[in-house]
Amino acid sequence: MIERITAKDGPFHPASAVDFLPLQQLHDLQSRRLKETVDLAYRRVPLFRSRMEKIGLEPEDIRGIEDIQLLPFTEKTDLRDTYPFGLLAVPTSEVVRLHASSGTTGKPIVVAYTREDVAVWSEVMLRSFAACGVHAGDIVQNAYGYGLFTGGLGAHYGAEALGAAVIPISGGNTERQIMVLKDFNVTVICCTPSYFCYLIEQAEKKGMDIRQLPLRVGVFGAEPWSDEMRKRIESSSCVRAFDIYGLSEIIGPGVGIECVQQAGLHLFEDHFYPEVIDPVTNEPCPDGVEGELVLTTLTKKALPMIRYRTHDITTFISEPCACGRTIRRIHRISRRSDDMMIIRGVNVFPSQVETALLAVEGTLPHYQIILSRKNGLDHLGVLVEVTPEFFSDTVSGIENLHNLLSHSLESALGIRVDVRLVEPHTLQRSEGKARRVLDQRSLGEQEAGMDGFENFCPGPNGK
Ligand code: DLL
């Protein structure tokens, strides 16, 4: 067993030893597991078999992990088209858990787990918590939703396996969240970063300072967030904010997480093999070059996924991490390829808006992007809450902030943005994943837009 205890990381957990495997051992493990997975999928899942047959590929052609590129991709539509159980590689009698992800249109996608899959999930979540310094003895408030969403139960099993005490509070009921945070001496919180911003705000409203609590670690994910958001969270709460990534199709939370270095997310690649590809040519991207993350499960039994197109955009980080883990790192997922808004021919991502807004002092981490049509053209509007101090400032102070924000957005995006400053607590808060973009382009020009907010602040024409 690897001897490794540092004060910052907390005690080393034996389950984390795999994070530090010599690369050759990791490679051999991945090769063996890939062959087993391909064999299982070929034998048990008609869609995989027919796709492989179509290109004349047999399981024996996969001799090791380096052959992964020979395999066909899997898409979210494959799960939809075979709803609910068409991609299962085991009979439902071997399934012990089902989750579903709602998606925005049509039927949800359904994901299934055998007992072994649940054990793998607990293990990767345990390793996730251990990597960001959580340990037995911690009190974990788990505010991810319990239910069909994978966040709640995923984090729950991992924290319990680690030996921490879990409070299964689930999402919502903010008053109770704040009471529990304080009364139960919570040391770790799990929720979306946007919900934590709301918790900080609500606690402040009650005259409570989160910085005075024993709360030390935040395990935040399920939605894109920026480094600027991390700075805001850490400075206003004294909680170290770690980014955790995952998706239902692969397992749920626990595909990857930041370690205490907070320098990219380590992927648990002994279970989920990552590739980063150019989404147009499908060719692998060299380290450091941005592309789409494609994941292959190496141990999943109920629902093996081969070369699953996540649509999440990232880059591999090639330098070894100071923590000593050998498993690869990626940069935080700042966006999805299908998040892209095309405004008057310019490509814009919500993450760019967040970074530009939060770079300016006086804004709060609560904003809403509104897309509409004006005079037949796409119009990009952003509502952003400003601090009470700024809001009660002089007209010239507010105008100055407005100009700074317009300038910050325009230089980041390359287009003019209609910025409106709004009072604190004006915008809707989310208890789970934040909905940052409101697309009203299909509405008539009269119905859409930000006109309801015009009284609060100067618009771009000094309105
Ligand atoms: O969001 C699983 C999860 C729960 C992850 C709790 C982390 C914490 P889905 O609902 O299937 O699963 O959504 C998966 O959410 O493809 C990404 O686009 C996005 N996403 C998840 N984590 C992050 C993150 C859960 N840390 C989809 N950063 C993924 C950016 C994220 N995007």
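Visitor: Which residue just after helix 8 takes a positive phi?

Guide: Helices here are DSSP runs of H or I with at least four residues, strands are runs of E with at least two, and both are numbered from the N terminus. Just after helix 8, C238 has a positive phi of about 60°. This is a predicted model, where local features need pLDDT of at least 70, side-chain atom pairs count only at pLDDT 80 or more, and totals for chains, interfaces and linings use all residues. Residues are numbered from 1 along each chain as its sequence is written, and side-chain values use heavy atoms, with hydrogens and water left out.

Visitor: Which residues of helix 8 are buried?

Guide: Buried means under 20% relative accessible area, exposed over 50%, and partly exposed in between, with a 1.4 Å probe and protein chains only. In helix 8 (residues 227-237), the buried residues are E228, M229, R230, R232, I233 and S237. Their cover includes helix 7 (193-205), strand 6 (217-221), strand 7, strand 8 (252-258), helix 9 (350-358) and strand 18 (363-374).

Visitor: How do I read a nonpolar core?

Guide: In soluble globular proteins, nonpolar side chains tend to be buried together. A core is a set of buried Ala, Val, Leu, Ile, Met, Phe, Trp, Tyr and Cys residues joined through side-chain atoms within 4.5 Å. The largest one here has 79 residues, of which L71, F129, V219 and V255 touch the most other members. Helix 4 (residues 115-131) gives the most to this core, with nine residues. Apart from it lies another core of 27 residues, including F196, L199, M208 and L358.

Visitor: Is E385 buried or exposed?

Guide: E385 is buried, at a relative accessible area of 0%. Its place is in strand 19 (residues 377-386). A polar contact is a pair of N or O atoms within 3.5 Å; within protein, one must be able to donate a hydrogen and the other to accept it, and residues adjacent in sequence count only if both atoms are side-chain atoms. The E385 side chain reaches the backbone nitrogen of L427 at 2.8 Å and that of H425 at 3.0 Å.

Visitor: How many residues surround the ligand?

Guide: A residue is near a molecule if one of its heavy atoms lies within 4 Å of it. Here 20 residues surround the ligand, the closest being D243, I244, S248, D312 and K433. A polar side-chain atom of S248 is 2.5 Å from a ligand oxygen atom, while a backbone N or O atom of I244 lies 2.6 Å from a ligand nitrogen atom. Strand 7 gives the most to this shell, with five residues.

How values were computed:
Contact means heavy atoms within 4.5 Å.
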